[in-house]
Amino acid sequence: MTQDFDAAPPPALPLIAPEPRPGSNLPEFTVGDLARRLKRSIEEEFGFVRVRGEISQPKKHSSGHCYLRLKDDTAVIEAVCWRGTMSKLAIKPEEGLEVIVTGRMTTYPGRSQYQLIIESMELAGEGALLKMLEERKRRLAAEGLFEPSRKKPIPFLPDVIGVITSPTGAVIRDILHRLSDRFPRHVLIWPVAVQGERAAAEVTAAIQGFNRIQPGGPVPRPDLLIVARGGGSLEDLMAFNEENVVRATAASAIPLISAVGHETDTTLIDHASDRRAPTPTAAAEMAVPVRGELLAQVLDDERRLLASAGRLLAERRNRVEGLARGLGDPRALLEGHAQRLDDRAERLTLAAAALVERRRTRVGELAASLRHPRDQLAQAGQKLAGEARALDGALRHAVTMAESRYQRVAGRLSLTPARHRLDDGARRLADLSPRLERAFGKTIAERGAKLDALGQLLESYSHKSVLARGFALVEDRDGKPITSASQTSPGLAVTLRFGDDSRVGATVDGGEGKAEKKPEGKKARAVPVQGSLF
């Protein structure tokens, strides 16, 4: 049905009998008159009826009205439920549901059909109710509302528990008493009707209201919800089978325990909740542990922990003691290493001193083997004078050879041209003489500079610089340096030469005239001498 109707039937119009046409004894009706007469007759005859049938093709219009059919094995009746009545129905029309409806019969002249205006609706029997619940359960399960993976774990010890139940029944007293006996907690009660037409809407609003509480606000947000009701018939528990209650339970972000009815009672909210309790008292037991048992468990765990810690410490102590017996005395180990360290330090000091002494002796030997700078300067001067004489002789020889050549050439040629050529040769020789003098002077200067550099280098290598630092040169009577103890003998007269060229006579005493090998790690012993100034 798609036609909209008003909530109240249209007012009945007065029926006026039509006048018979001439030549006929039957009255003549218009279509509207006949439809109104039929409508009035049906409404007067069936003003209040109860009809039992199966709902077929229920359709809710956008206006809020619901159109459906009631059928049995032999007939079908069109029915309509106005928007105001729909909000008051205890059950919602569903396909295949067998119901008993109360209402009145009327007609719809626009389609020449009669229909039933529904005023109330109830289930035809428990079998029909169970069939409806089974169909609803199957449909909601297909949507995944009952999946075990969606269920949330129940907190071990919630701080705040929200209870949704009737505030006047025995259920809330049983829950509070059980919580007080086991583990007192902060309880928030949301009073609702647990039976009747308002129950489903109020339970849904309570679940959604608890979930809308913000953490940290003036009202504490529950950590756990309990939806509870005492036992009753299937009709009494229908509020907890409603689809809106089941969907609100499945969508709750707070873990929820359902405790509806007795242990044998099962509602759809039990399948959607995170945990089902057989009774409200059992729900309280699931919500919190027993405080006394927790204290006993804590004390037992403490005792076992202390005992295990003591055993562990004893085992570790025995192991450390066993390992300590296998080790040597740390003090003795340290003393041996300390003695080795002292020995290595002393040997290192003596080795450094011996190395310095060896280097000093080697420098002295190298200095003694060098020639005196004066000798090197004298030798270089002699070599330079010889080269100068050779150069001067070569120059004179070249001049003599040139004059002899000119004279021979002049004897062969005429006098005047020869004289001119001789004059040209003399001029060329005169021009060449300054250049030779400059080259000779430059050579002499370069050789002199090189000689000075060699003299400075020789002076730096001279033993005099060593003697100026406080050392003395030991010489025999012939002026030869003595470089080792093997060249001396007791009673040998030697000369000690110092940096300022002063000399002191001395006599060797206490030596055997042989070089002694110095023991490693000991200082060299100086050879004693006796002397006096010359």
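This is a predicted model: local features need pLDDT of at least 70, side-chain atom pairs count only at pLDDT 80 or more; totals for chains, interfaces and linings use all residues.
Let's start with helix H8, whose buried residues pack against E6, helix H4 (170-182), strand E8 (224-229) and strand E9 (256-260). H8 itself spans residues 280-287, and its buried residues are Pro280, Ala282, Ala283, Ala284 and Ala287. As background, an α-helix has 3.6 residues a turn, so residues three or four places apart point the same way.

Is threonine 165 buried or exposed? Its relative accessibility is 2%, and because of that value threonine 165 counts as buried. Leaving out residues up to four places away in sequence, threonine 165 touches Val171, Ile172, Trp190, Pro191, Val192, Val194 and Ala228. With alanine 228 there is also a polar detail: a polar atom of the threonine 165 side chain lies 2.9 Å from the backbone oxygen of alanine 228.

Now let's turn to the nonpolar interior. In soluble globular proteins, nonpolar side chains tend to be buried together. Here the largest nonpolar core has 24 residues, and those with the most contacts inside it are Leu68, Leu70, Val99, Val101, Leu116, Ile118 and Met121. Two or more residues each come from E1, strand E2 (66-71), strand E3 (76-81), E4, E5 and helix H3 (126-142). E5 gives the largest share of this core, four residues. To look around from one member, take valine 101: apart from neighbours within four places in sequence, valine 101 is in contact with Val49, Arg50, Val51, Leu70, Leu116, Ile118, Ser120 and Met121. Another core, of 23 residues, lies apart from the largest one and includes Ala199, Ile213, Phe240 and Leu256.

Glutamine 57, found in strand E1 (residues 49-60), has a positive phi of about 50 degrees although it is not a glycine. Serine 112 is another residue other than glycine with a positive phi, in this case near 55 degrees. Serine 112 lies in the loop between strand E4 (98-108) and strand E5 (113-123), and it counts as exposed because its relative accessibility is 71%.

Which residues are closest to its centre? Of the 24 residues that line this pocket, they are Ala90, Ile91, Gly196, Met238 and Glu242. E5 and helix H5 (199-212) are the elements that give two or more residues to the lining. By type, the lining of this pocket divides into 11 nonpolar, five polar and eight charged residues.

Note on methods:
Residues are numbered from 1 along each chain as its sequence is written. Side-chain values use heavy atoms; hydrogens and water are left out. Buried means under 20% relative accessible area, exposed over 50%, partly exposed in between (1.4 Å probe, protein chains only). A polar contact is a pair of N or O atoms within 3.5 Å; within protein, one must be able to donate a hydrogen and the other to accept it, and residues adjacent in sequence count only if both atoms are side-chain atoms. Contact means heavy atoms within 4.5 Å. On a 1 Å grid over the protein atoms alone, a cavity is a set of points where a 1.4 Å probe fits but cannot get out, and a pocket is an open set with protein on both sides within 12 Å along at least five of seven lines; lining residues have an atom within 4 Å of a point. Ala, Val, Leu, Ile, Met, Phe, Trp, Tyr, Cys and Pro count as nonpolar, Asp, Glu, Lys and Arg as charged, and the others, Gly among them, as polar. A nonpolar core is a set of buried Ala, Val, Leu, Ile, Met, Phe, Trp, Tyr and Cys residues joined through side-chain atoms within 4.5 Å.
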